[in-house]
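Please walk through this fold with me, strand by strand.

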Amino acid sequence: MKKYLIPVLIAFAGVSTANAQDSTVVLPSSLQVRLSYESHALQSGRDFDVTQFLMSPSVFFNHRSGVYAGASALYLSESDPAFSQVNFSLGCGRALTDNWYASMGYSYSLYPEGAESPLPHAISAGLSFTRGKISGSMNYYFLFGAEKAHQLTPGVSAYFEKGLKKGCFSFSPGVSATFGTANVPLSRFSEPLFQRGTGVLWENRDQFLMAKFPRRAAEDRNVFGLMSVQAFLPLQYAVNRLSLELSLNLVQPVELKNEGYEKLEPSIYLGAAVQYRI
């Protein structure tokens with residue numbers, strides 16, 4: 001299996017895995033155009049009781065130095081407006097050794113009227129380790145704006161590759177966990193969508209929970225904890241500059257102490273993506 005140094009693009013749409021990296025081999029600069037699809041739009045295992053699919057077109061420029069910049073849009077089938085945000089990202093990644101890779105980035109999201117979110121800014125940092133076919137990673141996100149939120153995502157995955165006469169197949173199953181605060185889903189879903197799905201105004205959620213669970217301690221209303229556990233089974237076919245991906249994803253949400261306004265259930269959904277590298 002040939003190894004490359006590839007900038008890690010940290011994204012909120014889901015868990016991404018990176019294969020083993022070799023700091024002595026560097027890919028040339030490239031422009032990547034991608035269209036991704038998820039049959040069930042979730043964030044940290046939550047959907048605010050609104051079942052919908054999502055599509056996300058994106059374009060990213062990766063410089064051989066490790067610096068990347070890009071833009072993406074989010075289409076949610078049951079949201080109003082459906083194109084609910086445009087995201088701009090800038091960051092960099094470097095191989096620390098043949099096995100360790102680090103990255104950091106900043107992103108800013110624009111929201112149309114009716115799809116506002118209190119978390120338009122995000123700062124991210126990631127660290128990954130690869131040994132043979134096994135990779136482990138830890139990604140941290142600080143989201144801020146009118147509110148502040150934290151998210152931590154550890155994960156582990158494996159990588160298997162089968163070369164063909166034309167192109168190759170790769171399979172990279174993995175598992176991850178998401179720790180965070182209850183407002184993390186607002187990085188993907190809007191406050192109006194929360195009200196539509198739960199029947200509760202976001203700014204009134206504390207009063208709603210106090211009335212519903214009067215015995216809860218005040219300190220339980222702003223906690224950081226385990227939000228979900230997920231497994232992913234992505235299969236990818238790559239030929240020349242084109243790659244196609246199909247993924248089966250399983251998510252088990254875990255309720256935080258300061259939640260209780262939506263019904264959390266396990267979900268199995270499909271993901272798909274097509275990407276072209278220029």
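Strand S8 (residues 148-158) and strand S11 run antiparallel, joined by five bridges. Strands here are DSSP runs of E, at least two residues long, numbered from the N terminus. Two strands pair if DSSP finds at least two bridges between them. Valine 156 stands opposite valine 175 in S11. The model is predicted: local features need pLDDT of at least 70, side-chain atom pairs count only at pLDDT 80 or more, and totals for chains, interfaces and linings use all residues. Residues are numbered from 1 along each chain as its sequence is written, and side-chain values use heavy atoms, without hydrogens and water.

S11 also pairs with strand S12 (residues 224-239). This pairing is antiparallel too, with eight bridges. Glycine 180 has glycine 225 of S12 as its bridge partner.

How covered is S11? Six of the eight residues in S11 (174-181) are buried, meaning under 20% relative accessible area with a 1.4 Å probe and protein chains only; exposed is over 50%, and partly exposed lies in between.

Now the surface. A nonpolar patch there has about 920 Å² of accessible area together, by the Shrake-Rupley method with a 1.4 Å probe. Patch residues have over 30% relative accessible area and no salt bridge, and nonpolar side chains (Val, Leu, Ile, Met, Phe, Trp, Tyr) are joined within 5 Å. A salt bridge is a side-chain nitrogen of Lys or Arg within 4 Å of a carboxyl oxygen of Asp or Glu. S1 (30-38), S2 (54-62), S13 (242-253) and S14 (267-277) each supply at least two residues. S1 gives the most, four. Val274 belongs to the patch and is found in S14. Valine 274 counts as partly exposed because its relative accessibility is 33%.

Conventions: Patches are made of residues with over 30% relative accessible area and no salt bridge: like charges are joined within 9 Å, nonpolar side chains (Val, Leu, Ile, Met, Phe, Trp, Tyr) within 5 Å.
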